[in-house]
Amino acid sequence: MIDLEAHLRAARSAGRKLLVPYVSGGLDDEWVDLVRAFADAGADAIEVGIPFSDPVMDGPTIQEASVVALGRGTTPTSVLHDLRGVADETGVPIVVMTYYNLAYRAGDVRFAQQLAEAGVSGAILPDLPLEEVGPWAEAADRAGVASVLLAAPTAPDERLPCICARSRGFVYAVSLLGVTGERTELAATATVMAERLKAVTDLPVLVGVGISNAAQAVEACAVADGVIMASVLMRMRLEGTSVTDLGAYVASVRRALDEG
Amino acid sequence: MALSEPTMPGASRVMGEPDPTGRFGRFGGRFVPETLVPACAELERAFRTAWADPGFRGELDHLGRTYAGRPSLLYEASRLSEELGLRLLLKREDLNHTGSHKINNVLGQALLAKRMGKSHVIAETGAGQHGVASATAAALLGLECTVYMGEVDMARQALNVFRMRLLGARVVPALSGSRTLKDAVNEAMRAWVADVERSHYLLGSVMGPHPYPWMVREFHRVIGDEAREQCREMTGGDPDVVVACVGGGSNAAGIFAGFAELPDVRLIGVEPAGGAAASRGIPGVVHGSVSFLLQDEFGQVQEAHSVSAGLDYPGVGPEHSHLADTGRAEYHPVTDAQVLDAFGLLARTEGIIPALECAHALSWIVQERESLRGQTVIMNLSGRGDKDVAQVQEILEAGGIGGVS
Ligand SMILES: Cc1ncc(COP(=O)(O)O)c(C=O)c1O
């Protein structure tokens with residue numbers, strides 16, 4: 001399994017801004033091809049959603065993608081089965097994003113092992129805040145899976161170092177007050193969050209939630225080490241954009257970030 | 001905290017404060033997006049301070065008496081008692097303003113929201129009872145109010161949607177998932193994430209992240225405290241059994257709280273067979289806490305199905321899971337057909353049309369009447385049935401449920 005933090009640090013040291021596109025696991029027959037296409041397009045890691053029935057941190061697009069995926073019979077087992085070997089083959093680490101009940105139901109230790117066995121490098125559980133993350137984070141550490149924590153604009157200053165100390169792989173800076181979904185502009189809080197986090201940690205700081213196009217990604221990366229892009233990609237996919245065209249879109253974001 | 005209840009020496013209180021992480025035994029906690037953690041912590045501090053403040057308690061008590069109609073009656077249902085062979089006392093929360101127990105919680109939380117300087121309250125609703133109560137409290141206290149309601153429920157309960165709008169609230173359809181109560185909670189939480197600085201989430205039951213399960217139970221504790229004293233006055237002693245319906249579990253928690261430390265009083269929660277989280281669920285994490293939950297083998301939350309929209313919820317408040325775990329309370333499922341029978345029975349024998357929710361509680365009493373023979377039973381009549389009359393008419397005219405009519 002690829003070490004998420006080492007992989008991202010190496011890319012950052014090489015002067016690169018980090019790009020993490022998102023794919024809803026089990027969305028359609030070609031979802032794994034989409035993961036490969038994003039890897040080819042220059043992603044530094046790929047976030048794969050395991051659909052959950054009640055995604056409270058997600059806006060309409062990811063909700064819809066989750067409903068579609070669940071409607072096709074997608075389960076954590078099927079997503080992890082499909083992902084087996086993909087990260088090794090592409091050389092790009094995979095981070096799953098899901099909600100805590102799927103881990104709780106399986107058992108923290110068993111779920112972490114299942115991720116590790118599928119070659120998954122990390123996990124983001126947005127309904128598991130610092131105070132509740134203990135048992136999961138320990139299980140993830142032991143399985144070698146990076147437990148990525150989120151930091152939000154509402155956090156008082158003294159909370160941020162605690163979040164960063166417990167986060168593995170990178171720290172996820174929530175760009176705004178709100179759930180996932182496209183926005184016409186980058187929130188003013190996005191770079192503020194990145195700055196506040198950069199001031200207290202050496203972990204890679206990636207901004208996510210609401211990053212909706214290449215220009216916003218570039219703007220966020222003026223301060224942040226990288227960005228996570230989700231809703232825009234899944235909206236295009238739900239609208240019928242082909243794997244090739246969506247890969248090309250991610251490649252265009254890559255170029256924009258490289259050109260600064 | 002200024003509480004007057006007897007405390008068992010040496011033992012930690014039954015239905016006292018949860019531990020510092022918001023847990024009742026292995027249930028509860030604060031499983032929310034990071035964005036909401038400071039708001040939950042602020043709410044916990046504000047509630048703790050307010051609840052210890054005689055000024056706040058006095059203000060809430062005053063509103064209860066002058067606006068909501070407290071204390072509610074404890075009524076001896078003589079004809080039905082005779083028919084069932086037991087002594088049935090009904091705690092008449094249906095006579096409160098807005099027609100259910102919900103007013104106790106919304107007045108408490110709306111006062112607290114004002115105290116915290118919030119100008120807006122967000123609420124979720126299933127049938128519309130909590131939405132109407134929230135809109136009422138917001139109108140009374142001059143707060144803005146937005147209610148999230150599943151699109152399916154909005155169609156089923158169009159009159160309540162109109163009521164909320166009359167009261168000045170904005171009603172927003174929840175368009176995702178099953179488009180019922182569980183999705184309304186999801187939408188309300190998302191709205192709170194986006195507007196947390198200005199808004200208070202006025203949650204409608206003893207569920208959600210800490211401090212909600214504790215706070216909402218404390219706001220409903222008045223039901224149990226009144227009932228205990230009224231029962232002593234009326235019968236010279238304590239009841240043998242206290243029965244309440246359980247959706248999220250707020251009316252049950254409120255009445256149980258008055259009796260939890262009287263070990264000889266049996267506490268019974270009654271759930272719909274299609275949403276029996278406490279009796280048939282598996283521990284899970286959704287909507288902010290660990291609790292018994294209807295879910296599949298992978299942890300996907302299942303949809304509940306009940307004739308009563310107010311109980312149509314796949315989870316249950318964490319304290320009920322703990323009470324079930326420790327055996328202090330028992331939880332039993334009843335079917336829709338049994339509930340409809342009980343609904344008609346109370347109407348015919350006592351001239352009281354109950355909400356379908358609390359007809360669940362009565363349905364269990366009817367079924368257990370042999371084992372309860374001669375006992376004193378207090379049932380929480382959590383709401384009036386006006387909202388359900390049209391639906392029941394429709395069901396009965398269509399031949400009833402499973403041949404029952
Ligand atoms: C009259 C009545 N009773 C009970 C309930 C269920 O809620 P809880 O279990 O929180 O008391 C409702 C919910 O809408 C209700 O309207």
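The largest pocket in this predicted model has a volume of about 620 Å³. Its lining is made up of 26 residues. Those nearest the centre of the pocket are Gln129(B), Gln157(B), Asn160(B), Arg163(B) and Lys387(B). Three elements of chain B give two or more residues to the lining: helix H5 (129-141), helix H7 (158-166) and helix H15 (389-397).

What is the lining made of, by class? There are 10 nonpolar residues, nine polar and seven charged. As for domains, at least three lining residues come from domain 1 of chain B, which covers 23-65 + 101-212, and at least three from domain 2, which covers 71-99 + 221-397.

Next, the ligand. For Gly249(B), a backbone N or O atom sits 2.7 Å from a ligand oxygen. For His101(B), a polar side-chain atom is 3.1 Å from an oxygen atom of the ligand. For Lys102(B), the distance from a polar side-chain atom to a ligand oxygen is 3.3 Å.

Now the backbone. Most residues other than glycine have a negative phi, and most peptide bonds are trans. Here are some exceptions to check on your screens.

Start with the peptide bonds. Arg70(B) and Pro71(B) are joined by a cis bond, with omega at about -10°. Pro71(B) belongs to the loop that runs between helix H2 (54-68) and strand S3 (74-76) of chain B. Another cis bond goes from His210(B) to Pro211(B), and there omega is near 15°. Pro211(B) is in the chain B loop between strand S8 (199-201) and helix H9 (212-235).

Then phi. Thr98(B) is not a glycine, yet its phi is positive, near 70°. Where is Thr98(B)? Look in the loop between strand S4 (87-92) and helix H4 (102-115) of chain B. Is Thr98(B) buried or exposed? Its relative accessible area is 16%, so Thr98(B) is buried, the cut-off being under 20%.

In chain A, the residue to look at is Val209(A), with a positive phi of about 80° although it is not a glycine. Val209(A) sits in the loop between strand S7 (205-208) and helix H11 (214-220) of that chain. Val209(A) has a relative accessibility of 4% and therefore counts as buried too.

Note on methods
Residues numbered from 1 in each chain as written. Chains lettered and ligands numbered in written order. Heavy atoms only, no water. 1 Å grid on protein atoms, 1.4 Å probe; cavity = no way out; pocket = protein on both sides within 12 Å on 5 of 7 lines; lining within 4 Å. Points joined across faces, edges and corners; volume = space filled by probe spheres on them. Helix = DSSP H or I, 4+ residues; strand = E, 2+ residues; numbered from the N terminus. Nonpolar A, V, L, I, M, F, W, Y, C, P; charged D, E, K, R; others polar. Domains from an automatic or database assignment. Buried < 20%, exposed > 50% of the residue type's maximum accessible area, 1.4 Å probe, protein only. Polar contact = N/O pair within 3.5 Å; in protein donor to acceptor, adjacent residues only side chain to side chain.
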